[in-house]
Amino acid sequence: MPQLLSIDQGTTSSRAIVFDINGEPLASAQKEFTQHYPNPGWVEHDPHEILKTQIDVAEQLLGAGKFDIAALGITNQRETTIVWERSTGQAIYPAIVWQDRRTAETCAALRAAGHEEDVQQITGLLLDPYFSASKIAWILEHVPGARARAERGELACGTIDSWLAWHLSGGDAHVIDVSNASRTMLMDITNARWSEAMLELWSIPWELLPQIVSSSGVCAQSHQLSVDLPIAGIAGDQQAALFGQACFAPGDVKCTYGTGCFMLMNTGNNIKRSQHRLLTSIAWQLDGELEYVLEGSVFMGGATVQWLRDGLKLIDQSAAIEALAAEVEHAGGVVMVPALTGLGAPHWDPNARGLLVGLERSTERAHIARAALDGIAWQVAELGEAMAADAGQPMSLVKVDGGASANNLLMQIQSDVLQCRLARAHNLEATAWGAAALSGLAVGCWQNRSELQASARQATDFVPQKKAEDIAAARRRWQDAVERARNWA
């Protein structure tokens, strides 16, 4: 029985996982890489460190010689942007990460000039430094000679999937899949083509851009690995998780708890325009057909726990947050708004700042830990409320995955504040499995999605243990704290 190799390039680590065709992980390897914060609000990665760590972990699995790999799938941190030389493959500037806020003023100026409505209509996105377009424009503006070189066709740009596909293929493939392309703010989501209007708005030359390809289909060969494999599936991490959770029907919802938290609702072939400041993106393209999602993004999910670990030294390991928070029944009136990189949906406020309020002499470490979990859950609850309002019906089920979803206390808090059932995936690696499944579908491991869906399993359900009226006071404290965080400057 053949296996599938998934490359899962995330915000803090590079991973590789081998799956069997039933979605069970057989082996994995992982390496963290360095986070760079050169200025307040700036977040960068070394593209070559990303590439090296990703190849290293893939080779750890391939070098064992134990697997018969049928195809390779790639999933990646989205929006993170790289510009590199076509002749050498060398990046001309560090990767500007999706969390980076350096272009907030540029986006605000375009919004003030009245461009947001056109941006939203064409791309499904809102004017925010989160997305790739302003990052590419910044590099062209600030790296000497970059714009002229781009216009001469000497440079290439892309998101992390483009960077990996280029190097794994030895420079043969300059591609980006539709799901990642839909997060650049440069693509027309109605036809999955680069938008001339958006390229003009951001002054980005056509010559830089990769070819847009389907999410499932052979687009390159991995010549730079010890085993030459077809690169047959590519999807941004959140769309990959949606696919990995078998959210194939319109109305299906999943939330991934990783560095950030990302809630997506499948809307099928319908381009649903949010009335509550959510985003419209492409889920995937299969057999030439586009399917869409509504999405809400929280920038500080698991990253909140990492900050408690690395910044405040409150805990030694991220997993310790659950036991510490469980030492108290509630946060004792403490509220944390984890807006350390601004607030995402539905606020879209890059100038918001993190806030910890309600401290008393009786406040202990456990109260702060509990407030951190509450803060993650309330941010996600805001996404759920906006999504339910756009859908016109209450949310009854959310499929959850990602590393932080292993925290049972967080999941119970989440069920309570969302007031709906959560179903945690049997395999928390839904993102990596989604990329593997897209590649397997392309090479015939299954005839269709129905066959694939039969392998999906849920492990644990969480149902609300508190009524809406029981959490009303906590909701008011949260809303008040958010307003304070937004008006801090």
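Mentor: A helix axis is a line fitted to C-alpha atoms over the stretch in contact, and angles run from 0 to 180 degrees between N-to-C directions. This is a predicted model, where local features need pLDDT of at least 70, side-chain atom pairs count only at pLDDT 80 or more, and totals for chains, interfaces and linings use all residues. Residues are numbered from 1 along each chain as its sequence is written, and side-chain values use heavy atoms, without hydrogens and water.

Trainee: At what angle do helix H12 and helix H13 pack?

Mentor: Two packed helices are described by the angle between their axes and the distance between the axes. For H12 (residues 365-391) and H13 (residues 408-418), the angle is about 40° and the axes are 9 Å apart. H12 is therefore oblique to H13; angles under 35 degrees count as roughly parallel, over 145 as roughly antiparallel, 65 to 115 as roughly perpendicular and the rest as oblique.

Trainee: Which residues make the contact?

Mentor: Contact means heavy atoms within 4.5 Å. Among them are Leu373, Ile376 and Trp378 of H12, and Leu410, Ile413 and Val417 of H13. By class, the contact of H12 with H13 has 11 nonpolar, two polar and two charged residues. Ala, Val, Leu, Ile, Met, Phe, Trp, Tyr, Cys and Pro count as nonpolar, Asp, Glu, Lys and Arg as charged, and the others, Gly among them, as polar.

Trainee: How many helices and strands does the protein have?

Mentor: Helices (H or I, at least four residues) and strands (E, at least two) are DSSP runs, numbered from the N terminus. The protein has 16 helices and 23 strands.

Trainee: What share of the residues is buried?

Mentor: Buried means under 20% relative accessible area, with a 1.4 Å probe and protein chains only. Of the 489 residues, 60% are buried.

Notes:
Buried < 20%, exposed > 50% of the residue type's maximum accessible area, 1.4 Å probe, protein only.
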